[in-house]
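Subject: Handover of a structure

Dear colleague,

Please find below the structure that I am handing over to you. A short account of the findings follows it.

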Amino acid sequence: MSQDLPPDITDEADSSARPHHHHLEQARAQVIGLLSRQSVEKELLSRSESRNSDVVAQLVARQHQAALEQRLSHFHPADIAFVLEALAPDARDLAWTLVRPARRGAVLLETSDTVRRALVLNMPPEEVAALAGSLDTDDIADLVSSLPEEARQQVLERLDRADQAEVRSMLSFPEGTVGAMMDLEFISVREDTTLEAVQRLLRRRKELPAHTNQLFVVDRGNQLRGLLPLAKLLLGDPEGQVVEVMNPRPVYFYTDDPSREAVAAFEKYDLISAPVVNLHRQVVGRVTVDAVLDEVTAKAQTEGLRQVGLSEEDEDIFAPVVASAKRRWPWLAINLATAFFASRVIGAFESIITALVALAALMPIVASIGGNTGNQSAALVIRGLALGQLGAHQFRRILRRELSISALNGAMWGSVLGLATLLLYRDVHLAGVIAAALMLNMAVAALVGVLAPVLLHRLGRDPAMGSSIILTATTDSMGFFIFLGLAAVFLV
């Protein structure tokens with residue numbers, strides 16, 4: 001049996017010497033197509049009674065593997081990770097075997113934690129240690145940190161002693177601190193050195209760590225004294241000393257500083273790199289812009305999942321169904337309880353709704369607008385908490401601000417809704433009741449939208465995950481209660 005590769009694969013493989021692939025969707029479809037075709041042909045050949053079926057099957061398998069290996073060889077490691085995450089587990093394992101061993105470490109760093117864990121747990125510890133040996137120390141720490149404790153120790157025991165000590169040091173920093181995200185590759189120089197001597201030092205190195213835009217200036221005790229930008233090093237007088245051109249007031253971080261402070265500083269000061277020091281102000285590492293960007297992206301993805309009750313394990317869209325269903329049970333149970341409570345509020349006013357059927361058509365509007373208002377307020381408060389901008393004074397100010405905005409919007413859109421109700425039902429009293437109910441529920445929603453995240457934050461809970469639950473329960477139940485309660489007083 002002979003089989004030709006699709007023209008678009010062979011043509012692009014010959015012409016794409018570029019390191020980054022610009023058509024990921026098409027490339028992923030082609031890889032999935034090759035894997036699917038291989039599985040179908042294997043099944044057909046297994047049913048064949050021909051004596052040559054085994055030989056043909058081997059030839060077909062080799063042809064497909066060669067095509068896939070050639071296809072993946074032109075991908076950037078991040079693009080390979082993208083393809084692996086889009087494949088089902090069986091196809092993912094097959095594609096992983098075709099990734100060159102020298103590139104596997106870089107690919108693993110780009111995959112999600114769940115996919116990385118699934119791939120690494122199927123590999124012998126010595127193989128994981130071998131591919132980790134080609135990575136920087138901070139990258140090795142990122143790689144093994146996502147593994148279970150037993151697998152982590154097996155990999156660490158097989159590393160070189162120097163790498164093992166540095167990796168254990170990196171893993172000792174708590175997650176969410178600057179120490180956990182720092183890079184150990186940096187260049188430091190003495191303040192009493194001439195610029196010419198520093199230039200000779202760099203020429204001997206022949207290579208600079210990635211994202212190096214400045215050198216760290218230290219004293220004899222390795223304490224941070226300042227920063228030497230590369231521009232001043234290249235353009236300054238070679239006979240001049242470092243202390244004459246360095247920046248004596250650097251932006252730096254301690255190892256136990258929260259990572260959010262580093263993110264805020266990089267955004268505020270447009271940093272590319274910054275030194276990290278210990279309690280004695282000795283330089284132990286640096287933070288780079290790519291690590292900050294990874295931190296921001298990971299946090300955004302995590303918060304996006306938590307807002308709908310999902311966890312990091314759900315990043316893998318091919319995760320086991322039963323396990324995924326169990327992880328969603330708590331979220332659904334809470335929502336079921338809040339929905340049942342809201343239904344009981346409606347049930348308490350059943351006679352009122354029966355007497356005035358228009359209430360059933362209008363009350364979802366009050367709850368919906370209130371929920372939107374609360375989510376807007378909560379989003380601002382959660383952002384302020386994440387950036388450390390909500391002190392006691394700022395909290396009171398944002399509370400007054402959100403209540404004022406809800407009052408203004410409630411008056412405006414309550415009037416609009418009341419006018420629409422008047423035109424539809426020709427009932428002035430009904431129009432006034434729904435306008436008042438909308439104003440009151442928007443005020444309640446704004447109040448809860450501000451208070452709920454702050455309260456959860458002070459209790460040590462995740463505001464992004466719990467606020468939406470509290471808001472849903474409050475805006476629905478209170479919206480129905482306020483609207484139907486006003487209707488019971490003024491209409492029936």
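The confidence of the predictor in each residue is given as pLDDT, from 0 to 100; helices (H or I, at least four residues) and strands (E, at least two) are DSSP runs numbered from the N terminus. The model is predicted, so local features need pLDDT of at least 70 and side-chain atom pairs count only at pLDDT 80 or more, while totals for chains, interfaces and linings use all residues. Residues are numbered from 1 along each chain as its sequence is written, and side-chain values use heavy atoms, without hydrogens and water.

Over residues 1-22 the pLDDT is below 50.

The whole structure holds four aromatic pairs. Rings of Phe, Tyr and Trp (its six-membered ring) pair if their centres lie within 6.5 Å; planes under 30 degrees apart count as stacked, over 60 as edge-to-face and the rest as tilted. One of the pairs joins tyrosine 252 and tyrosine 254: the planes stand at 70° and the centres 5.8 Å apart, so the pair is edge-to-face.

Phenylalanine 349 and phenylalanine 481 also form an edge-to-face pair, because their planes are at 70°, with centres 6.1 Å apart. This pair links distant parts of the chain, 132 residues apart. Phenylalanine 349 is buried (under 20% relative accessible area; exposed is over 50%, partly exposed in between; 1.4 Å probe, protein chains only), at 12%, whereas phenylalanine 481 is partly exposed at 46%.

Yours sincerely

Conventions. Contact = heavy atoms within 4.5 Å.
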